Amino acid sequence: MRTVLVVHAHPDDEVFATGAATSVLSAAGWHVVLRVATPGIGDAADRLHASCDLLGIDEWDWLSTKDRWVDDGGHSGPQSLASAEPEELAAAVETAISEVSPQLVLTVGRDGLTGHPDHIAISSAVQQQQQCHALGARLRAQDVQAGRQYLQQLLPGEQIGSGLVTGCTAPLQEITGASEPRRRQALDQYYKGLGTTDLPDLITTYGRRGDSLLLRAVFDASGWHTDRFEVLSSSGSGVPSFP
């Protein structure tokens with residue numbers, strides 16, 4: 001059985017960044033293992049179990065220990081991933097790879113998908129691993145623009161998101177064919193209705209105007225069934241074949 005190791009900074013990244021890919025790989029017979037670096041904010045870690053069940057993730061654990069790093073909302077405080085010693089974070093990823101022995105590693109791309117400093121730190125740590133094939137999730141610039149335009153129609157004049165979500169124009173690898181309802185339901189585990197409520201109705205009840213809302217609009221524009229990736233590192237043994 002082939003194994004994929006998914007490495008993320010926070011609970012809910014497994015939905016936003018790689019939710020389609022894990023569903024597709026699981027359905028194709030891959031063993032899907034998740035390692036999460038921080039417990040997120042609030043009770044996010046408690047919601048992770050249900051999300052994993054929906055996304056085909058067979059098992060998950062902490063990248064180090066539960067309280068080694070914290071999610072401070074992107075402020076890059078002293079216990080955040082962004083402030084961690086790069087060597088320590090890379091060593092934690094290397095240990096996970098040694099324990100899991102994956103044929104493929106998935107994480108976020110070089111831009112952290114959303115520009116979040118914790119995401120960028122995780123991506124950098126994975127990039128240092130040359131013993132396996134690693135892919136980083138990216139958004140297409142055209143999809144980000146479409147999502148922004150849709151939100152501007154619904155919320156004219158409002159600033160949505162951090163301004164760091166830009167996407168890219170370079171060609172990307174695709175893993176596609178996931179169940180849209182299950183990914184939407186996985187997102188609902190963290191934020192009620194964020195995945196399944198129609199966007200015009202959602203914005204009347206969902207008070208946040210951050211990157212999570214922007215990503216929701218991007219998925220509506222580009223499709224929930226596909227994740228796109230850039231190559232972060234390669235073992236030289238060839239690119240694994242995907243469904």
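This is a predicted model: local features need pLDDT of at least 70, side-chain atom pairs count only at pLDDT 80 or more; totals for chains, interfaces and linings use all residues.
Residue numbers run from 1 along each chain as its sequence is written, and side-chain values rest on heavy atoms, with hydrogens and water left out. Local features need pLDDT of at least 70 and side-chain atom pairs count only at pLDDT 80 or more, while totals for chains, interfaces and linings use all residues.

**View 1. Tyrosine rings around Tyr-191.**
The structure holds five aromatic pairs; rings of Phe, Tyr and Trp (its six-membered ring) pair if their centres lie within 6.5 Å, with planes under 30 degrees apart called stacked, over 60 edge-to-face and the rest tilted. Tyr-190 and Tyr-191 make a tilted pair, 6.3 Å centre to centre with 45 degrees between the planes. Tyr-191 also pairs with Tyr-206, this time edge-to-face, at 6.4 Å centre to centre and 80 degrees between the planes. Helices (H or I, at least four residues) and strands (E, at least two) are DSSP runs, numbered from the N terminus. Tyr-206 counts as buried because its relative accessibility is 8%.

**View 2. A ring cluster with a charge over Phe-219.**
Ring pairs join Phe-16, Phe-219 and Trp-224 into a cluster. Over the ring of Phe-219 sits the charged end of Arg-183, 4.6 Å from the ring centre; the rule asks for NZ of Lys or CZ of Arg within 6 Å of the ring centre and within 35 degrees of the ring normal.

**View 3. The largest pocket.**
On a 1 Å grid over the protein atoms alone, a pocket is an open set of points with protein on both sides within 12 Å along at least five of seven lines, a cavity is a set where a 1.4 Å probe fits but cannot get out, and lining residues have an atom within 4 Å of a point. The largest pocket has a volume of about 730 Å³. It is lined by 30 residues, and the closest to its centre are Asp-12, Asp-71, His-116, Tyr-191 and Arg-208. Helix α9 gives the most to this lining, with three residues.

All six residues of β1 (residues 3-8) are buried, so the strand is largely enclosed by the rest of the structure. Thr-3, Leu-5 and Val-7 lie on one side, with Val-4, Val-6 and His-8 on the other. Strands pair if DSSP finds at least two bridges between them. β1 runs parallel to β2 (residues 31-36) over six bridges, where His-8 stands opposite Val-36. β1 also pairs in the parallel sense with β4 (residues 104-108) over three bridges, and Val-6 has Leu-106 as its bridge partner there.

**View 4. The largest cavity.**
About 110 Å³ of space lies in the largest cavity. Of its 15 lining residues, the closest to its centre are Arg-138, Leu-139, Phe-219, Thr-226 and Arg-228. Two or more residues each come from β5 (133-138), α9 and β7 (226-233), and β7 gives the most, with three.

Key. Buried means under 20% relative accessible area, exposed over 50%, partly exposed in between (1.4 Å probe, protein chains only). Grid points are joined across faces, edges and corners, and a volume is the space filled by probe spheres set on the points.
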